[in-house]
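Here is a short briefing for a first look at this structure. Keep the sequence and the 3D view side by side as you read.

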Amino acid sequence: MNILITGGTGLIGQELCKFLVNKYDLIVLTRNEIKARQLLGQNARFVDCLSKVDFNDIDIIINLAGEPIADKRWSDDRKRAIIDSRVGITKQISDYINAAQTPPHTFISGSAIGFYGRQAPDTSVDETFDQPHDEFSHQLCHDWEQAALQSQSDHTRVCLLRTGVVLSRRGGALKKMLPAFSWGMGGPMGSGEQIMSWIHIDDMIQLILFLIRHDELQGAFNATAPSPVSNKEFSDCLASVLNRPAFFWLPESFLKWAFGEMSDLLIYGQKVIPKKALDANYRFRYQTLEEALKQIMH
C-alpha cells in the first residue's frame with residue numbers, strides 16, 4: 001500500500017511515520033529533504049513537490065501540513081502564511097485527487113478544534129455542533145476542511161481530524177509549558193476557566209491508524225480525549241505530577257499585550273467530546289489527564 005504524507009516532520013507526523021515507514025511504501029512531501037531524512041530515516045521516499053507524485057498509485061493520503069499557529073503574534077502576513085500552508089496545500093491535493101484516473105481511496109486531512117471557535121465552559125461540543133463562534137480559527141478550519149471535502153467522491157472517502165492540544169514531551173504546548181512548571185513557576189492563564197480539550201500523542205497516532213483500518217468511517221472526527229479539563233485543572237494536574245507548586249497566574253491583559261489576537265487561543269477554549277470516535281468503538285488509551293501526564297513524565 002502506498003501512503004503519501006504531508007507534514008511528516010511535525011510533532012504528529014514524526015510519530016506517525018515511525019508506525020508507517022516499515023509497513024507501507026511511504027512518500028513524504030517535504031521542503032527540506034536532509035532534515036526529513038534525519039528525522040524519519042532512509043526507508044521513505046521524499047519529494048519536494050506534489051507534481052512529482054503519481055496520484056493514480058497512491059492508496060492513502062495523510063495531510064498534516066501547516067505552519068505553527070500558536071508560535072507568534074498574528075500579523076497579516078503571519079495569518080496569510082498559516083492559511084496558505086493549510087488551505088492552499090489541501091486544495092492542491094484535492095485537485096490532484098480529482099484529476100486522477102484511479103484516485104486514492106482514503107484522504108485523512110488535518111483540522112483543529114478551533115473549528116468551533118470559543119465556547120462557554122459549560123457548552124459541550126461534538127461533531128454535530130453547528131453554532132461555531134465566527135473568528136479566525138473557525139474561518140481557517142472551515143476553509144481547510146472544505147478544501148479537503150472537494151475531493152470526496154464514491155472513490156475517495158475524506159476524514160477530517162479536528163485535533164485538540166496534543167500532549168507530548170517532544171513538542172507542542174506541553175514542551176513549552178514544562179520549563180516554567182518544572183521550576184515551580186507555572187499556573188493558569190486568563191480566567192483559568194477556559195476548557196482545554198487535549199489528546200495524548202499515542203492516542204492521536206492510534207486514532208489515525210484506526211481511521212485507516214475502518215474504511216466505513218468518514219467526515220469530521222474530534223481528535224480529543226473524552227475528559228476535557230479547565231485550564232486551572234490542567235495547571236494543577238501538571239504541577240502535581242511534577243511535584244511542584246503552581247502559584248503563578250498569567251492575567252488576560254498580559255497575554256493580550258504579549259500575543260495580540262493570537263492570545264485568543266490561550267484565553268478561550270471549547271469543551272470538545274470525541275463522540276464519533278467513541279461511537280465507532282475507538283478505545284482511548286489515556287482517558288484522564290492525570291494518567292496521560294504521568295505516562296509522559298515518567
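A residue is called buried under 20% relative accessible area, exposed over 50%, and partly exposed in between. Asn2 has 23% relative accessibility, so Asn2 counts as partly exposed. The model is predicted. The points below cover a helix contact, aromatic rings, charges over rings, backbone angles and a few single residues.

**Start of the chain: Asn2**
- Asn2 lies in strand β1, which covers residues 2–6.
- Leaving aside neighbours within four places in sequence, Asn2 is in contact with Asp25, Asp57, Ile58, Asp59 and Ile60.
- Asn2 and Gly269 are 267 residues apart along the chain, and their C-alpha atoms are separated by 37 Å.

**Where α5 meets α7**
- Helix α5 spans residues 172–182 and helix α7 spans residues 231–241.
- Their axes come within 11 Å and cross at roughly 60°.
- The crossing of α5 past α7 is right-handed.
- On the α5 side, the contact is made by Leu174, Met177, Leu178 and Phe181.
- On the α7 side, Phe234, Ser235, Leu238 and Ala239 take part.
- Seven of the contact residues are nonpolar, one is polar and none is charged.

- Ser235 is found in helix α7.
- Is Ser235 buried or exposed? Its relative accessibility is 0%, so Ser235 counts as buried.
- Not counting residues up to four places away in sequence, Ser235 touches Phe181, Gly187, Pro188 and Ala246.
- Phe181 is also one of the α5 residues in the helix contact.

**Aromatic pairs**
- With ring centres within 6.5 Å taken as a pair, the count comes to seven aromatic pairs.
- Phe55 and Tyr96 have ring centres 5.0 Å apart and planes at 5°, so this pair is stacked.
- Phe55 lies in the loop between β3 (45–47) and β4 (60–63), and Tyr96 in helix α3 (residues 76–99), so the pair ties together parts that are 41 residues apart in sequence.
- Phe55 is at 4% relative accessibility and so counts as buried.
- Tyr96 is at 30% and so counts as partly exposed.
- How are the rings of Phe115 and Tyr116 arranged? Their centres are 5.5 Å apart and their planes stand at 90°, so the pair is edge-to-face.
- Phe115 is buried at 11% relative accessibility.
- Tyr116 is buried too, with a relative accessible area of 0%.
- Phe115, Tyr116 and Phe129 form one aromatic cluster.

**His138, a contact of Phe115**
- His138 has its place in helix α4, residues 136–149.
- With a relative accessible area of 10%, His138 is buried.
- Not counting residues up to four places away in sequence, His138 touches Gly114, Phe115, Gly117, Pro132 and His133.
- Phe115 also belongs to the aromatic cluster with Tyr116 and Phe129.

**Charges over rings**
- Arg86 places its charged end over the ring of Trp144, 5.1 Å from the ring centre.
- Arg118 places its charged end over the ring of Tyr268, 3.9 Å from the ring centre.

**Positive phi angles**
- Most residues other than glycine have a negative phi.
- Asn243 has a positive phi, near 60°, and is not a glycine.
- Asn243 is found in the loop between α7 and α8 (252–259).
- At 65% relative accessibility, Asn243 counts as exposed.
- Asn281 is not a glycine either, and its phi is positive at about 70°.
- Asn281 is found in the loop between α10 (275–279) and α11 (289–297).

- Leu250 lies in the loop between α7 and α8.
- Which class does Leu250 fall into: buried, partly exposed or exposed? At 35% relative accessibility, Leu250 counts as partly exposed.
- Not counting residues up to four places away in sequence, Leu250 touches Pro188, Met189, Gly190 and Leu255.
- Pro188 is touched by Ser235 as well.
- Leu250 and Ile201 are 49 residues apart along the chain, with their C-alpha atoms separated by 26 Å.

Technical notes: Residues numbered from 1 in each chain as written. Predicted model: local features only at pLDDT ≥ 70, side-chain atom pairs only at ≥ 80, totals over all residues. Heavy atoms only, no water. Axes fitted to C-alpha atoms, helices over the stretch in contact; angles between N-to-C directions. Helix = DSSP H or I, 4+ residues; strand = E, 2+ residues; numbered from the N terminus. Left-handed = near helix turned anticlockwise from the far one by under 90°. Contact = heavy atoms within 4.5 Å. Nonpolar A, V, L, I, M, F, W, Y, C, P; charged D, E, K, R; others polar. Phe/Tyr/Trp six-rings, centres within 6.5 Å; stacked < 30°, edge-to-face > 60°. Buried < 20%, exposed > 50% of the residue type's maximum accessible area, 1.4 Å probe, protein only. Lys NZ or Arg CZ within 6 Å of the ring centre and 35° of its normal.
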